[in-house]
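Colleague: I am new to reading protein models. Could we walk through this one together, one question at a time?

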Amino acid sequence: MAASVLSRVVKSGFEFLQTSFRITSQAGNVEQVRGYYVNWRMLRDVKRRQMAFEYANDRLRMNAIRKNTILPKELQEIADKEIAAFPRDSCPVRIRSRCVMTSRPRGVKRRWRLSRIVFRHLADHNQMPGIQRAMW
Amino acid sequence: MYRRIILLATRNRSGISRIAEHSINITDQQETKRISVSTCPNRQRMLYNKGVCTPNKRPFSTSTAISKENEESSAPKTGVTEAKVKEKEPKKSGKENLLDLLSAMKIDVTTKKKFQALKSQKSKEQPRVHPESMESATSMFQKATTEQQAQKESLSPELVAAASAVASSMPLKKSQTESELLQQLRKHESDTEVHKKGETNNIGNIIADMKVGKHPNARSPNRPANQIRFDDDGRGYTHDRGVVNEFDAVRRRKSLFTGKRLNIFPSTTDTTETEPKEVSVPSLWDIELAGHIAAVIKHLPRNGFEEMIQWTKDGKLWQYPINNEAGLEEESDVPFHEHVFLDSHLEDFPKQGPVRHFMELVINGLSKNPYLTVKQKMEHIEWFREYFQQKEEVLKESEAY
């Protein structure tokens, strides 16, 4: 369930066009892949989303054990330590919704995944269906 | 689908009431006449006279009778309609008999034999449709509904047995609880089937209302089709043939496979089946060749529509009309009790203690979750099982396992 919630958040995570991303092929040698993300920050955000998707179920279950009044406290302390040992990029809090076109971290409207500037540009050039200048 | 037929019993010179039927909500007058013939033969009219309305008395001026399709739902309002309904009973379709049998089925639930008996009875009823009413829409409607009824019988015997067991454990009104449970199960099944198959019911209803069409090409134009005809200004034009006439002969046959066999080609089982060849892992060259062929064959989209088609095939675009359960077709086959009754998976956990309490809460939450597949729920439970087995020592120290 957590995974499906996060998969909506992980928007473009499965496009394998990355800017100079290093991947290991089947043979084991590290290869460079040229790609087209806007900048490195966007790439890092993509990686965080992918990792959050992977660890989503585990984090959900660990948190279910931790946030509990029934199980003994020793078990909960151990669970605390285990969840802290997960990679840092696996927590969904680190994901930042960026503009898809410009990678701008602020002023992003969630429905269109665009920053306000790009949105305005496209809407003025009639590229957004159903969007009209407000006048009342 | 209601059709109100208003019976106007008007007073005639002869004193015998003549039934003229008018209908609201039916567009075609011819159809009403056909219905009037089938529902009111002479015999019925005579009974109407005898039973209710004698010549000298004042006949009923108007009375509304609801037509044959709906007799189960409404109680007849006047004596006129009562006589009419009684007369219709021997002619009622398989649907009525089926309903009676289903209601009688309440008490005696010996599953398979009963279902088979029902089915054989229903199949006997169907050929009894009157030939004169064959063309009318009413018979088509009835056939559509009987087909729907047939689908409702397919409850699994285990569910029926479980329902009977539950009903017998209840203190009061066992037969009634059992019939209600079975009704709920049937409704659930029919809903899921309708959902699976899309909008088949509605199509049946829509078709039932439509008349059988006449032959579309009965009247061909008097002139030969290809002759050039002249306009006023002397410029000729050919009558637009359209694609229709070319496929006329093909369309006149009801289906592709009627007609005599020509026996030109030998039948398919000429070559014996060779033993299955070893399937080797396709090499990289094979993959590359397949990709190359696919790229050559694939045409670039000529317009936006083709582009959208291509995206839909790729999976980039959703399928319209939006299906909420788009990726989850197999999941609809899983019966509901596997989602809800998850207690049986708790056998490996201790019977008492906080761990058991915790797992029961987990199972409670999972059973209420409609968004997960059964497989995902099982994975959750298994993970917890492994986790608690790993932490056994810690739990035993705190006396929790």
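**The interface and the chains**

Modeller: The area buried between chain B and chain A is about 1,500 Å², and carbon and sulfur atoms give 74% of it. Buried area is the accessible area (1.4 Å probe) that two parts lose on being put together, summed over both. This is a predicted model: local features need pLDDT of at least 70, side-chain atom pairs count only at pLDDT 80 or more, and totals for chains, interfaces and linings use all residues. Residues are numbered from 1 along each chain as its sequence is written, chains are lettered from A and ligands numbered from 1 in the order in which they are written, and side-chain values use heavy atoms, with hydrogens and water left out.

Colleague: How many residues of chain B are in contact with chain A?

Modeller: Contact means heavy atoms within 4.5 Å. On the chain A side, 17 residues take part. On the chain B side, the number is 18.

Colleague: Which residues form the salt bridge across the interface of chain B and chain A?

Modeller: A salt bridge is a side-chain nitrogen of Lys or Arg within 4 Å of a carboxyl oxygen of Asp or Glu. The rule finds one across this interface. Its closest N and O atoms are 2.6 Å apart, and the partners are Lys391(B) and Glu82(A).

Colleague: Which helix gives the most to the side of chain B that touches chain A?

Modeller: Helices (H or I, at least four residues) and strands (E, at least two) are DSSP runs, numbered from the N terminus. On this side of chain B, α14 (354-367), α15 (374-390) and α16 (392-397) each supply at least two residues. The one that gives the most, with six residues, is α15(B).

Colleague: How many helices does chain A have?

Modeller: Read along the sequence, chain A runs α-β-β-α-α-α-β-β-α. It has four strands, and its helices number five.

Colleague: What percentage of the residues in chain B is buried?

Modeller: Buried means under 20% relative accessible area, exposed over 50%, and partly exposed in between (1.4 Å probe, protein chains only). In chain A, 32% of the 136 residues count as buried. Chain B has 401 residues, and its buried share is 25%.

Colleague: How many residues apart in sequence are the parts that Arg66(A) and Asp80(A) tie together?

Modeller: Arg66(A) and Asp80(A) form a salt bridge, with the closest N and O atoms 2.4 Å apart. Arg66(A) lies in helix α3 (residues 56-66) and Asp80(A) in helix α4 (residues 73-84) of chain A, so the pair ties together parts whose separation in residues is 14.

Colleague: Is Arg133(A) buried or exposed?

Modeller: Arg133(A) forms a salt bridge with Asp124(A), the closest N and O atoms being 3.2 Å apart. Asp124(A) is partly exposed, at 42% relative accessible area. Arg133(A) has 58% relative accessibility and counts as exposed.

Colleague: Is Arg356(B) buried or exposed?

Modeller: Arg356(B) meets Glu360(B) in a salt bridge (3.4 Å, N to O). The two are four residues apart in helix α14 of chain B, so about one helical turn separates them. Glu360(B) is partly exposed, with a relative accessible area of 39%. Arg356(B), at 16% relative accessibility, counts as buried.

Colleague: Which residues do salt bridges that share partners join into one network?

Modeller: Over all chains, a search of the whole structure finds eleven salt bridges. The network joins Arg48(A), Asp89(A) and Arg94(A).
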